[in-house]
Amino acid sequence: MQNPKGLTFTAQQRGLVRATLSLALFFIFLVPFSHSMAFIALLLLLFSGFAVFQKQVLLESIRKPAALLLISFLFWHLISLLWSDNLSFGLFDLQIKAMMLAIYLCTSLQRPLLVQQTQRIRDFFFAGLAAVLIIQVFLSFQLYSQTGNLTSFSYITFSRFMHPSYLACFLNVAILLLL
């Protein structure tokens, strides 16, 4: 198996990439249940990229202006935590913002793999999102039948697995992927 950069994958590297991608697909399915699963999935995708590509390819990806901008943004955020009164929220926020760099690195390192795996990644994400929505609608109907209150279908009462803004973000990503 070869990629556009001319690197040849060994059987061990292909096996490692397949195993890592399978784990990543499992976590991608779980993303709509918890946003922290997205971080784990991205780490697995990055790991498979590091396992296959040489250090030179990684350094080329990091030296691009987009990566340098993201790295400087994260570095600035990290420095600002020195003056923060709420360090736990700041670290949580940094974890979410670090996903932007992870997504960039995944797409730049995994270009040949993502071309083959994009449909599967999309399908697993859609399946996880559909499962979350079905469960949430079912739980909302159950709560509505007990209380008769229409707020069972709104905001926090509806979105039980994560904050409604994350759910809205995932729904928007799904719509974009469908277009």
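Predicted model: local features only at pLDDT ≥ 70, side-chain atom pairs only at ≥ 80, totals over all residues.
Q: What share of the residues in the protein is buried?
A: A residue counts as buried when its relative accessible area is under 20%. The protein has 179 residues, and the buried part of them is 36%.

Q: What percentage of the accessible surface of the protein belongs to carbon and sulfur atoms?
A: The accessible surface of the protein comes to about 10800 Å². Of this area, the part that belongs to carbon and sulfur atoms is 70%.

Q: Among contacts in the protein between residues at least 6 apart in sequence, what percentage joins residues at least 24 apart?
A: Contact here means heavy atoms within 4.5 Å. Among contacts between residues at least 6 apart in sequence, those that join residues at least 24 apart make up 66%.

Q: What does helix α4 reach from its first C-alpha to its last?
A: Helix α4 covers residues 65–80 and has 16 residues. At 1.5 Å a residue, 22 Å is expected. The helix comes close to that value, with a reach of 22 Å.

Q: Where around the axis of α4 do its buried residues lie?
A: The buried residues in α4 are Ala67, Leu70, Leu74 and His77. They cover an arc of only 95 degrees around the axis, so they lie on the same side of α4.

Q: Which exposed residues does α4 carry on the face turned away from its buried side?
A: Exposed means over 50% relative accessible area. On the face of α4 turned away from its buried side, the exposed residues are Pro65, Leu69, Phe75 and Trp76.

Q: Which residues does His77 touch, not counting residues up to four places away in sequence?
A: His77 has its place in helix α4. Its relative accessibility is 14%, so His77 counts as buried. Beyond residues up to four places away in sequence, His77 touches Gly90, Asp93, Leu94 and Lys97.

Q: How far apart in space are Leu178 and Phe126, C-alpha to C-alpha?
A: Leu178 is found in helix α8, residues 164–178. With 61% relative accessibility, Leu178 counts as exposed. Leu178 and Phe126 are 52 residues apart in sequence, while their C-alpha to C-alpha distance is 9.8 Å.

Q: What separates the C-alpha atoms of Ile121 and Phe26?
A: Ile121 is placed in helix α6 and, at 19% relative accessibility, counts as buried. Along the chain, Ile121 and Phe26 are 95 residues apart. Their C-alpha atoms are separated by 9.4 Å.

Q: What accessible area does the nonpolar patch with Val137 have?
A: Val137 has its place in helix α6, residues 111–147. It counts as partly exposed because its relative accessibility is 33%. Val137, Phe141, Tyr144, Leu150 and Phe153 form this patch on the surface, and together their accessible area is about 460 Å².

Terms used: Residues numbered from 1 in each chain as written. Heavy atoms only, no water. Helix = DSSP H or I, 4+ residues; strand = E, 2+ residues; numbered from the N terminus. Expected span 1.5 Å × (residues − 1). Buried < 20%, exposed > 50% of the residue type's maximum accessible area, 1.4 Å probe, protein only. Arc of directions from axis to C-beta. Patch = residues over 30% accessible without salt bridge, like charges linked within 9 Å, V, L, I, M, F, W, Y side chains within 5 Å. Areas by Shrake-Rupley, 256 points an atom, 1.4 Å probe, with all protein chains shown as cover. Salt bridge = Lys/Arg side-chain N within 4 Å of Asp/Glu carboxyl O.
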